[in-house]
Amino acid sequence: NIIEPANARSIALGLRLGGVIDPSLPGIDPGDVVIRHDLRGAA
């Protein structure tokens, strides 16, 4: 997920759903928060 840094509620939701902030992944705009989800065990 790519989230605008001012959207704290969306960031919190992404983290609650098991995601982790990955600063190595690029966002669309500078400063975007990128949350990575490991879906390998989800199927």
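Here is a short walk through this structure, from the overall fold to a few side chains.

The model is predicted, so to speak of local features a pLDDT of at least 70 is needed, side-chain atom pairs count only at pLDDT 80 or more, and totals for chains, interfaces and linings use all residues. Residues are numbered from 1 along each chain as its sequence is written, and side-chain values use heavy atoms, with hydrogens and water left out.

Let us start with the whole chain. The protein chain holds one helix and three strands, arranged β-α-β-β from the N terminus on. Both kinds of element are DSSP runs numbered from the N terminus: helices are H or I with at least four residues, strands E with at least two. The C-alpha trace spans about 30 × 20 × 10 Å along its principal axes. Of the 43 residues, 21% are buried (under 20% relative accessible area, with exposed meaning over 50% and partly exposed in between; 1.4 Å probe, protein chains only). Among contacts (heavy atoms within 4.5 Å) with a separation of 6 or more, 40% are between residues 24 or more positions apart.

Now turn to strand S3, residues 33-36, where you will find Val34. Val34 counts as buried because its relative accessibility is 8%. Its C-alpha atom is separated by 5.6 Å from that of Asn1, 33 residues apart along the chain. Leaving aside neighbours within four places in sequence, Val34 is in contact with residues including Ile2, Val20, Leu25 and Pro26.

What about charge pairs? Side chains of opposite charge can pair when their charged atoms come close. The structure holds two salt bridges (a side-chain nitrogen of Lys or Arg within 4 Å of a carboxyl oxygen of Asp or Glu). In one of them, the side chains of Arg36 and Asp22 meet at 3.1 Å, N to O. This pair links distant parts of the chain, with Arg36 in strand S3 and Asp22 in the loop between S2 and S3, 14 residues apart. Arg36 is partly exposed, at a relative accessible area of 40%. Asp38 forms a salt bridge with Arg40, the closest N and O atoms being 2.7 Å apart. Here Asp38 is partly exposed at 49% relative accessible area, while Arg40 is exposed at 73%.
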